[in-house]
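Me: I have a structure open and want to learn how to read its features. Can you take me through them, one at a time?

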Amino acid sequence: MNEVMQPVQAVKRTDTNYPKRLKDYLKTEIPEIIWARGNINLLRGPNTVLNGNLWVLFCSSKCLGEIILKTHDLAQRFKETDIPTISGYHSPVEQECLCVLLRGSQPILFCPARSIENMRVKSAWKGALAEDRLLILSIFGNQYRRPTSALADQRNVFVAALADKICIAHAAEDSRTLEFAQMLVAWDKPIFTFDTSANKSLFELGAQPIEYR
């Protein structure tokens, strides 16, 4: 297996690889530059192997055990059916999902809430990078070397704008996640969650139940 790591590339708004859908959702807030490492062609979205079926996965650090298990099962289903995903893969549940997805063959877009210019490439990622099915993306320059909650909020808006379908595993009452979901409703993208009473607020916003078995 080729162990040579691709360099970080700067994708500018004028480049052909810059995803046009960002302007549709972020309007004047679109980033001037996206930093990328991996298969840059994955940025072209529906015109490539993503086939207009890119899911974003959001799962908070604190949620019921039932939801944690369902999220893990959903990642397994995505792996088995070659569904591409995008996420920050930051919370413990999201990190476990990434471990599952890396064992598959489907595309993965990984977006940390920090710069990737000097970020260490973990050994677990190298196989997917060499297979051209992993793309690491960031909208943050080299001065942002540590993730923060503010950067995570910006990252979440970015990945939701790139995605075709949105999975919010859980959003507690009066939480930042629920406030974020309310913003996404205005985008008119399909939002999905797990069919449990804990997600009543998401269903009231118009979320659809996930059918993954």
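Me: Take the lining of the largest pocket. How many of its residues are nonpolar, polar and charged?
Reply: Sort the lining residues by side-chain class. In this predicted model, the lining has 20 nonpolar, 13 polar and nine charged residues.

Me: How much space lies in that pocket?
Reply: The largest pocket holds about 1,200 Å³ of space. It is lined by 42 residues, and the closest to its centre are His90, Ser91, Glu94, Ala152 and Arg155. Helices α3, α4, α5 (149-162) and α6 (176-185) each give two or more residues to the lining.

Me: Which element gives the most to the lining?
Reply: That is α5, with six residues.

Me: Let us turn to α3. Which of its residues are buried?
Reply: Buried means under 20% relative accessible area. Helix α3 spans residues 92-102, and its buried residues are Val93, Glu94, Cys97, Leu98, Val100, Leu101 and Leu102. Glu94 is also among the residues closest to the pocket centre.

Me: What covers those buried residues?
Reply: Look for the elements in contact with them. The cover includes strands β3 (55-58), β4 and β5 (108-110), along with helices α2 (65-80) and α4 (123-130).

Me: And α4 itself: which residues are buried there, and what do they pack against?
Reply: Trp125, Gly127, Ala128 and Leu129 are buried in α4. The buried residues of α4 pack against β2 (33-38), α3, β5 and β6 (134-138). After the helix comes Asp132, with a positive phi near 60 degrees.

Me: Where is Arg133, and is it buried or exposed?
Reply: Arg133 sits in the loop between α4 and β6. It counts as buried because its relative accessible area is 6%. Its side chain makes a polar contact with the Glu131 side chain, at 2.9 Å. Leaving out residues up to four places away in sequence, Arg133 touches a list that includes Leu42, Leu101, Leu102, Pro107 and Ala128.

Me: What about Thr85, buried or exposed?
Reply: Read the accessibility, then the partners. Thr85 is at 0% relative accessibility, so this residue is buried. Thr85 belongs to strand β4, residues 85-87. Its side chain has a polar contact with the side chain of Tyr89, at 2.6 Å. Beyond four places in sequence, Thr85 touches Leu54, Trp55, Leu57, Phe78, Leu101, Pro107, Ile108 and Leu109.

Me: Is Glu32 buried or exposed?
Reply: Glu32 counts as exposed because its relative accessibility is 51%. The residue lies in the loop between α1 (21-26) and β2. A polar contact links its side chain to that of Arg13, at 2.8 Å. Not counting residues up to four places away in sequence, Glu32 touches Val11, Lys12, Arg13 and Tyr18.

Me: How far is Glu32 from Ala130 in space?
Reply: The two are 28 Å apart, C-alpha to C-alpha, and 98 residues apart in sequence.

Me: Now the cysteines. How many disulfides does the structure hold?
Reply: Check the distance between sulfurs; the cut-off is 2.5 Å. The structure holds zero disulfides.

Definitions and conventions:
Residues numbered from 1 in each chain as written. Predicted model: local features only at pLDDT ≥ 70, side-chain atom pairs only at ≥ 80, totals over all residues. Heavy atoms only, no water. Helix = DSSP H or I, 4+ residues; strand = E, 2+ residues; numbered from the N terminus. Buried < 20%, exposed > 50% of the residue type's maximum accessible area, 1.4 Å probe, protein only. Polar contact = N/O pair within 3.5 Å; in protein donor to acceptor, adjacent residues only side chain to side chain. Contact = heavy atoms within 4.5 Å. 1 Å grid on protein atoms, 1.4 Å probe; cavity = no way out; pocket = protein on both sides within 12 Å on 5 of 7 lines; lining within 4 Å. Points joined across faces, edges and corners; volume = space filled by probe spheres on them. Nonpolar A, V, L, I, M, F, W, Y, C, P; charged D, E, K, R; others polar.
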